Amino acid sequence: MNPSAEWLKLQQEMRSQGFTDEQVLAAMESTPRHCFVPSRFRERAYENRPLPIACGQTISQPSVVAIMTQVLEVESHHKVLEVGTGSGYQAAILSRIARRVYTIERHQKLYLGAREAFRTLRLSNITAVHGDGTLGMKEQAPFDRIIVTAAAEDPPATVLEQLVVGGVMVLPVGQTDDIQRLIKLVMTDDGPHYEELNFVRFVPLVDGIPVSPSE
Ligand code: SAH
């Protein structure tokens, strides 16, 4: 099957599960997932499952990317921060909708791989940074939208401070080695309001940058 036929099958599967946000589906359609998975998994790029990437991390399941993107309610004038670039797939999809996407990754190898994929696909409105995303990206703050694609027990406070009033943040929250809950957080004048969504499973959000590149 060629990638577009495989994509159509995946899209049908997601639609039958209730994903109907046309803007999100169009962003996913124009973003070839096989460009973000290691070559040995390329044949499986359009299965609705997470797949291993370098450094012991994972590229999220397409339906989880769809939910998170949908819940984030991204608009074309938005500046978005993603913590946990991983393969770069989620950032690439956000870049089809938002004005600008900043994405931060602690593993240098993943950061370099994602940057290369963005260049190949000519996604020029993404800025990839190698660093500790638990600190957010102060020099670019505030952000209209923030997505964290690694699990923490609580929303990281420094990142939360970088969200505008009226802004939305989506993240998995819970015991990091277990199942987590997807949370939608809306920042108001009175502080954050939380809404609990699906159960998900993400790799943990880890403080700091690995000392050795192979870590
Ligand atoms: N959004 C990714 C999914 C990546 S998995 C994708 O579309 O492929 C989560 C990623 O978060 C991993 O690559 C992990 O290394 C990264 N991560 C974990 N803690 C981090 C931190 N403190 N700062 C930046 N990245 C972090």
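This is a predicted model: local features need pLDDT of at least 70, side-chain atom pairs count only at pLDDT 80 or more; totals for chains, interfaces and linings use all residues.
Among the elements around the ligand, β2 (58–59), α4 (89–95) and β4 (100–105) each give two or more residues to its shell. That shell holds 27 residues, and those that come nearest to the ligand are S87, E105, D132, G133 and V206. Sorted by class, the shell has 14 polar residues, nine nonpolar ones and four that are charged.

Several contacts between the ligand and the protein involve backbone atoms. At G133, a polar backbone atom is 2.7 Å from a nitrogen atom of the ligand. At G84, a backbone N or O atom lies 3.0 Å from a ligand nitrogen. At R106, the distance from a polar backbone atom to a nitrogen atom of the ligand is 3.3 Å. Each of these pairs counts as a polar contact because the cut-off for two N or O atoms is 3.5 Å. The ligand taken alone exposes 580 Å², and 99% of that area is buried by the protein.

The largest pocket contains about 420 Å³ of space. Its lining is made up of 31 residues, and Q57, G84, E105, A150 and V203 lie nearest its centre. The elements that supply two or more residues to this lining are β2, β3 (79–83), α4 and β4. The lining comprises 15 polar, 12 nonpolar and four charged residues.

Two points of backbone geometry remain. Most residues other than glycine have a negative phi, and most peptide bonds are trans. C55 is not a glycine, yet its phi is positive, at about 60 degrees. This residue lies in the loop between β1 (51–52) and β2, and β2 is one of the elements that give two or more residues to the ligand shell. The peptide bond from A141 to P142 is cis, with omega near 0 degrees. P142 is found in the loop that lies between β5 (126–130) and β6 (143–148).

Note on methods: Residues are numbered from 1 along each chain as its sequence is written. Side-chain values use heavy atoms; hydrogens and water are left out. A residue is near a molecule or strand if one of its heavy atoms lies within 4 Å of it. A polar contact is a pair of N or O atoms within 3.5 Å; within protein, one must be able to donate a hydrogen and the other to accept it, and residues adjacent in sequence count only if both atoms are side-chain atoms. Accessible areas come from the Shrake-Rupley method with a 1.4 Å probe; for residues, only the protein chains shown count as cover. Helices (H or I, at least four residues) and strands (E, at least two) are DSSP runs, numbered from the N terminus. Ala, Val, Leu, Ile, Met, Phe, Trp, Tyr, Cys and Pro count as nonpolar, Asp, Glu, Lys and Arg as charged, and the others, Gly among them, as polar. On a 1 Å grid over the protein atoms alone, a cavity is a set of points where a 1.4 Å probe fits but cannot get out, and a pocket is an open set with protein on both sides within 12 Å along at least five of seven lines; lining residues have an atom within 4 Å of a point. Grid points are joined across faces, edges and corners, and a volume is the space filled by probe spheres set on the points.
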